[in-house]
Amino acid sequence: MASYRSIPATSAVRLAKPSSNLFRARTKREARGLDTSGLTRVLGVDPDAHTADVAGMCTYEDLVAATLPYGLSPLVVPQLKTITLGGAVSGLGIESASFRNGLPHESVLEMDILTGAGELVTASRGQHTELFRAFPNSYGTLGYSTRLRIELEPVAPFVALRHVRFRSLPELVAAMERIIDTGGQGGTQVDYLDGVVFSADESYLCLGRRTTTPGPVSDYTGKDIYYRSIQHDAAGVEATKDDRLTIHDYFWRWDTDWFWCSRAFGVQNPRLRRWWPRRYRRSSVYSKLVALDQRFGIADRIEARNGRPARERVVQDVEVPIERVVDFLEWFGKNVPITPIWLCPLRLRDREGWPLYPIRPDHTYVNIGFWSSVPATDPAKGATNRAIEAKVSELDGHKSLYSDSFYTREEFDELYGGEAYKTVKKTYDPDSRLLDLYAKAVQRR
């Protein structure tokens, strides 16, 4: 509160933080932001109630470290260590438990929010309900969470993995639907579910099952690379490969190589990997390298020096109804030269829905993640990103706002809350001390 009051009334309010998991172009601001140094801790874990109180800027890495000793974890643990609780709830957070546990904001019981009006309010399903429901996907434009009380669930020490290969995308999606509907495969329970598409005839579902049985485990923080371990050439329509990780390493299996994006920095080259310290093989390091590239245009300069066109960044997560996933993947394969692609199914737990995260309750969606770049004559116009936005809308899907967006104001209002957002904005940020969502997510500021 003192930090908020120290900012002149004529100045916009923002957070002062050293890093961000957003991938949108932003203009550097010199104004002083809100001090977040006291908002980074786990405030308490209640092992009997299966809840945790967590400061808004606490990372999932720190939260998991605090809950695992009790045999508990958050219901949803986003795949990258430095994603914060507040960031996941007000933006995007998804993982392989989302097909049964939904999204991070659905496991929030209550949260303290510093609003744009400078008030600290406690929001829940029973108080300040309109703010509680509009907060997910608001990206700090309605306020900042300072404390969140979230649900936890029991976990086992290990995760037994089975990677199932498919040679057609319809077969993969059909198998995914069966697992979600039944909670298992072949009579075996499935606790975690995601997948990877390498090509139209090589895709995988990764099925995770909690287990207390001790035994050998894999390590993907060293020379071995997790996403490469998924691939195999076994024969058969649903050929499988088994693996096993500790629950800790399972949660962070994607972080060491930032899914597969570490290859852009040469970290997957065995010679370089040998000398790249393990403590620097993590998403937070790679994101800093990307920020440097964006600031100084290093990659574009290299492309220009080699006589190649500049590249358009295509870093997106979209959610498509499961019955339209094959349509999207086939279109994407023909029009966007990016592989691999991540698949993560989800179903909302809450039947009332969330106005700024407008996907249907009681319906399965698949988060489709693709993170790379493509050649472009004019990257600023975002031709490929614009085509993706149009295709997602055509298929009744939803696009995350953590990266570049190119919607018109009219399109945006129709897709992301419109009047519901404006009503809550007027109530909790009447003087517009915080940016408008369209200005933050789409306009270049």
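A contact here means heavy atoms within 4.5 Å, and in the protein chain residues 24 or more positions apart account for 73% of the contacts with a separation of 6 or more. The model is a predicted one, in which local features need pLDDT of at least 70 and side-chain atom pairs count only at pLDDT 80 or more, while totals for chains, interfaces and linings use all residues. Residues are numbered from 1 along each chain as its sequence is written, and side-chain values use heavy atoms, with hydrogens and water left out.

Begin with the whole chain in view. The C-alpha trace spans about 65 × 60 × 45 Å along its principal axes, and the chain holds 16 helices and 18 strands, these being DSSP runs numbered from the N terminus (helices H or I, at least four residues; strands E, at least two). Of the 445 residues, 56% count as buried, where buried means under 20% relative accessible area, exposed over 50% and partly exposed in between, with a 1.4 Å probe and protein chains only.

Next, select the eight strands of the open sheet, which follow the order β14-β9-β13-β12-β16-β17-β15-β18 with antiparallel pairing. At its edges lie β14 (240-246) and β18 (398-399), each of which pairs on one side only; two strands pair if DSSP finds at least two bridges between them. Zoom in on β9 (residues 158-166), which seven bridges join to the antiparallel β14, and where Ala 160 stands opposite Arg 244 of β14.

Now turn to the backbone geometry. Most residues other than glycine have a negative phi, and most peptide bonds are trans. Select His 128, in the loop between β7 (120-124) and α5 (129-134): this residue has a positive phi of about 45 degrees although it is not a glycine, and it is partly exposed, with a relative accessible area of 32%. Tyr 139, in the loop between α5 and β8 (143-154), also has a positive phi, near 50 degrees, but Tyr 139 counts as buried at 6% relative accessibility. Then select Thr 339 and Pro 340, which are joined by a cis peptide bond with omega about -5 degrees; Pro 340 lies in the loop between α12 (325-335) and β16 (341-346).

Finish at helices α10 (283-296) and α11 (298-305), each of which supplies at least two residues of a nonpolar patch, with α10 giving the largest share, three residues. Within helix α11, select Ile 302, which is partly exposed, with a relative accessible area of 45%.
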